[in-house]
Amino acid sequence: MSVTPVPALRDRPRTYAVRTFGCQMNEHDSERAAGILEAVGYRRADDPLDADLVLLNTCAVRENADERLYGTLGHLKGVKEARRDEGRDLTIVVGGCLAQKDGATVAERAPWVDVVYGTHNLGDLPDLLARADADHLPVVELIEALEVFPSALPSRRGVRHHAWVSISVGCDNTCAFCIVPALRGPERSRTVAEVLGEVRALVADDVIEVTLLGQNVNSYGRDLGGRALFADLLRDLGDVEGLERVRFTSPHPRDFTPDVLEAMAETPNVMPHLHLPLQSGSDRILRDMRRSYRRERYLELVARTRELLPDASLTTDIIVGFPGETEADFLDTLAVVEQVRFDQAFTFQYSPRPGTDAAEMTDRFVDPDTVAHRYRRLEERVRAHSIAAHERLIGRDVELLVEGPSRTDPARWSGRDPANHLVHLPAPAPDTASAPSGTVGSGSGSALVFHPGDLVTATVLSAATGYAIAAGAARVRRTRAGRAAEVAAAAGHVPLAARRAPGFVSPTTQRLPVVG
């Protein structure tokens, strides 16, 4: 990757803001994009609305992805025009999955965009910016195969204590509803040595929690030596000194082998949380989705998980109204939901994605009112199970990795227990939040110092859908990440709000208006 400053950077440092749409892999790529921009002289904008460059990292999977992108670009057009009236400029960059899918169409629909790049050429961003600056024309560049693994690029993490670690990119599955394989390409794994090297470097830089990323983490390594290496990787990460927590997303039920569950049970720093996408509880619909597992196989995995990891939380993805879904199919899904009782479920009403096989099943589309009614019925049961799962925490002392202030209530801070439950607790007192040392350890009469990245033990008092409420910190285990956050707080840097539950949304995503 070239790190020669683009012409626009030679006079003064310019600022950037990144807005991420979509999944954790996009969050990872956004951190890499931020790292690349900082490597060529940009600085993160204190106010994203005043940034010199705005980068939109797009998603082609989530509902209304097109509308959200083009609505936001419409808003930025007005900002760009106002800037020019003031003698300033705004550089607009669009990358990611939707950019890979739409390509030049992005610049045709929004000619005020300066750069469009895809999923395979993030490392070319400095050169693309230089070309756009020199030519004063939109630069669109897409390539069909990955040239540089994103993890080899510079990174600017949103928080000190957590890092995304990509172990593979692409996907070899052919799910009928999913556009990802067409946009990310076939599965390609990094070597175990590369992953371990990155993790050790991250721990040396104060990271205590990593989330391993892949479209299908269970098949990791199969393209390297003929067999999956994911269980081996988890065990190897258990030997990394200073690494407190390991998480991963997302596995595929078809490729989930017993050795992975055994590695989770036997490796203390691998957290007891499993996100296992169901999509449907109907064997007929699973067959039409080309999911290559069936209901019985899924329930066997759940039973084995609860046998080996009795305290594990289970989360899932479910699609309602896939083409051809009948009431009987939907009842099969509800039956699985009732049997498993997920801690949390991401539920979606099916919407066609151009370029997927399911989008061509127009004669089988389910009436939207029927889909909406089924969705409400599913959501009612999912919420009930989520509340029940969090109510089981009441009275327990849980160790929370502190993420920062709550997004919705500044009087609360947020953290996650080992099973990935979101738990809110009272914020540290203002005089302790930036204290250089203060009372640490344990106690009941004094406010305890803690910062993002510290590990806090607190007693859960109450529960709601998707989160629990705890009493004040009873014990604090300071970490290097927490102490680094403490130094930043003493210097006047306000802690970033906690990542939203339960999808690990990174603070790299800055608060830019989203229209649509």
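Helices (H or I, at least four residues) and strands (E, at least two) are DSSP runs, numbered from the N terminus. The model is predicted: local features need pLDDT of at least 70, side-chain atom pairs count only at pLDDT 80 or more, and totals for chains, interfaces and linings use all residues. Residues are numbered from 1 along each chain as its sequence is written, and side-chain values use heavy atoms, with hydrogens and water left out.

S168 sits in strand β8 (residues 168-169). Its relative accessible area is 0%, so S168 is buried (buried means under 20% relative accessible area, exposed over 50%, partly exposed in between; 1.4 Å probe, protein chains only). Contacts (heavy atoms within 4.5 Å) were listed without residues up to four places away in sequence; S168 touches M25, F149, E187, R188, S189, L213, G214 and Q215.

An open sheet is formed by three strands in the order β7-β10-β11, with parallel pairing. Two strands pair if DSSP finds at least two bridges between them. The edges are β7 (162-166) and β11 (245-249); each has a single partner strand, so one side of each lacks a neighbour in the sheet. From one strand to the next, the twist averages 25 degrees. Angles run from 0 to 180 degrees between N-to-C directions, and axes are lines fitted to C-alpha atoms, for helices over the stretch in contact. Five bridges link β7 to strand β10 (residues 209-213) in the parallel sense. V165 has L212 as its bridge partner in β10. Helix α1 (residues 24-39) lies across β7, β10 and β11 and runs at about 105 degrees to β7.

L212 also belongs to the largest nonpolar core, which has 65 residues; L212, F230 and L234 have the most contacts inside it. A nonpolar core is a set of buried Ala, Val, Leu, Ile, Met, Phe, Trp, Tyr and Cys residues joined through side-chain atoms within 4.5 Å. Leaving aside neighbours within four places in sequence, the contacts of L212 include V165, I167, F230, L234 and F248.

Strand β20 (residues 467-470) has parallel and antiparallel pairings. Strand β17 (residues 422-426) runs parallel to β20 and is joined to it by two bridges. Strand β19 (residues 455-464) runs antiparallel to β20, with four bridges. I469 in β20 stands opposite H424 and opposite S462. Two residues lie between the strands in the β19 and β20 hairpin, where G466 takes a positive phi near 90 degrees.

Three cavities of 30 Å³ or more are present. On a 1 Å grid over the protein atoms alone, a cavity is a set of points where a 1.4 Å probe fits but cannot get out; lining residues have an atom within 4 Å of a point. The largest cavity has a volume of about 90 Å³. Its lining comprises 15 residues, and D29, Y117, G118, T119 and L122 are the closest to its centre. Grid points are joined across faces, edges and corners, and a volume is the space filled by probe spheres set on the points.

Most residues other than glycine have a negative phi, and most peptide bonds are trans. T249 and S250 are joined by a cis peptide bond, with omega about -5 degrees. S250 is in the loop between β11 and α10 (258-266). R341 is not a glycine, yet has a positive phi of about 55 degrees. R341 is partly exposed, with a relative accessible area of 37%. N420 has a positive phi near 75 degrees, and is buried at a relative accessible area of 5%.

Notes: 1 Å grid on protein atoms, 1.4 Å probe; cavity = no way out; pocket = protein on both sides within 12 Å on 5 of 7 lines; lining within 4 Å.
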